[in-house]
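Let's take a walk through this structure together, one piece at a time. Have the 3D view open as you read.

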Amino acid sequence: MKSFPPYRIQVVKDIPITTRAEREQALARAGYNAFNLPADAVTIDLLTDSGTGAVSAAQEAAAAAADRSYAGSESYYRFRAALDELTGFEHVFPVHQGRAAERVLFSATLSAGRISLSNTHFDTTRANVELLGCEARDLPCPEAADLDSDEPFKGDVDLDALERTLAGPEGDRVGQVLITITNNGGGGQPVSMANLRAVRALCDRYGVPFFLDAARFAENAWLVTRREPGYGGHSPAEVAREAFGLADGCVASLKKDAIAPMGAFIGVRDAELARRCEVNIIATEGFRTYGGLAAHDLDRVAQGLREVLDPNYLRARAGEAEQLAGLVNEAGVDIVRPAGVHALYLNAGRLLPHIPPHEFPGHSLACELYLAGGIRCVELGSLYLGEFDEGHNLVAPAPFELVRMALPRRTYTRAHYEYVADVLADIAKHPERVARYRVADAPPILRHFKMTMEQLPARG
Ligand code: F0G
């Protein structure tokens, strides 16, 4: 039996239908950087699944009843209740988005010269570690290096490498272990409960705090119920609670798995750590009962957290990703396997072998998806992760040349995804026609948001 979403669509938004000539002009004006495109020039927007999900009637009803009291609002207590039920953390603080949670927590846990260990730090997470004068070190499990294998938990941290680092000469410089569920920077792959339990044990042994970056906690929980022996009979809510229960605290953007336009939280157990976070939040975000969020956002989040754990919703969402993955494979394009839930990662390096890393095959494919079909997505390859010299020449390529197609929650239908796959299939029939790119200008940090590119003619 095919899965279907447990809702019907009641409010819709028109999407722009454009011609190739219009898109060529728009992309040239944007300096061939999709982040510079105005949204009204984009037909299918797969740039991110963050803050882009459709809210429910129940979320909007809760938002309408929000209480805007400065301190101790009713909205705050509803927000707290939803997170108490889910996480069990003694201290919970709202903040405006995930990167604010990172900045606040890390400034309380890290000091210059410390090391943060992770399966993979997301880019803002890495930036917040580095801004404190610390090192963000990724230790993905070895299985993650094989994009084609169907290993179920390629998001796991490498436990041997983690133990070696904690036990080795740098061990006393490790300030935290941060595990990202699901592993967004690592192909959207899930982390197993066995891995989280082993991290807990290592952190106990070496006296290091263990935090989760839980932006996609519900989708990770869903994949655990599908893939991990012993968890088939668990509900996603039970798995999520167990995961939070293993950690000393968390940062979590709520723009993903709370299906809310804005929001995040910090959860911690330690009272002294909570106190340090609270001072920082009051100084930089807002009073501890709203933390930079409007009351209606607190209520949208509280309601969204309940909706996201509905197994029928998660089954349908994962089903959409799997269906798109199947269509993409039929189109002759490989993805990072197995398909996760929030995004598919296209193997652009394999599709465009004639485009070398310094001409950015991932970026070429992302631009072509826009030019051919108005589809916006983002490169995760040498442009994003490679090392450049001051003349903007690539000096060290990324290990893989990928394009991330993020899937906003409750937003597109299967028909939209069939259209995406058709566009990709047309591109895959004539890969030699895809244009190449070089960097025209780029800032020294967070390059991909601001760089401008120059188009070079296709080789074919
Ligand atoms: N951690 C992870 C794993 C994320 O994916 C993100 C955001 C953040 C932290 C930061 O949260 O956006 O609320 O400040 N990811 C988005 C993306 C932007 O497109 O993957 P934020």
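Start with the lining of the largest cavity, where helix 4 (98-109), helix 5 (123-131) and strand 7 (249-253) each put in at least two residues. Keep in mind that you're looking at a predicted model. Altogether, 20 residues line this cavity, and if you want to find its centre, look for Glu-102, Phe-122, Ala-215, Ser-253 and Lys-256, which lie nearest to it. The space inside comes to about 180 Å³. What kinds of residues make up the lining, going by class? Nine are polar, six are charged and five are nonpolar.

Two or more lining residues come from each of helix 14 (361-373), strand 10 (375-376), strand 11 (378-380) and helix 15 (382-385). Which element gives the largest share of this lining? That would be helix 14, with four residues. Sorted by class, the lining of the second largest cavity has 13 nonpolar residues, three polar ones and two charged ones. For the largest cavity, remember, those classes came to five nonpolar, nine polar and six charged.

Now move on to strand 9, which covers residues 343-347. Is this strand mostly covered or mostly open? It's mostly covered, with five of its five residues buried. You can check this one face at a time: Ala-343, Tyr-345 and Asn-347 sit on one side, Leu-344 and Leu-346 on the other, and all of them are buried. Strand 9 also has a partner, strand 14 (residues 402-406), and the two pair in the antiparallel sense over five bridges. To see one of those links, pick out Ala-343 and look across to its bridge partner in strand 14, Ala-406.

Last stop: helix 16, which runs over residues 414-429 and so has 16 residues. How far does this helix reach from its first C-alpha to its last? The span is 23 Å, close to the 22 Å expected at 1.5 Å a residue. Some of helix 16 is tucked away from the surface, too: its buried residues are Tyr-417, Val-420, Ala-421, Val-423, Leu-424, Ala-425, Ile-427 and Ala-428.

Technical notes:
Residues are numbered from 1 along each chain as its sequence is written. This is a predicted model: local features need pLDDT of at least 70, side-chain atom pairs count only at pLDDT 80 or more; totals for chains, interfaces and linings use all residues. Side-chain values use heavy atoms; hydrogens and water are left out. Buried means under 20% relative accessible area, exposed over 50%, partly exposed in between (1.4 Å probe, protein chains only). Two strands pair if DSSP finds at least two bridges between them. On a 1 Å grid over the protein atoms alone, a cavity is a set of points where a 1.4 Å probe fits but cannot get out, and a pocket is an open set with protein on both sides within 12 Å along at least five of seven lines; lining residues have an atom within 4 Å of a point. Grid points are joined across faces, edges and corners, and a volume is the space filled by probe spheres set on the points. Ala, Val, Leu, Ile, Met, Phe, Trp, Tyr, Cys and Pro count as nonpolar, Asp, Glu, Lys and Arg as charged, and the others, Gly among them, as polar. The expected span of a helix is 1.5 Å times one less than its number of residues.
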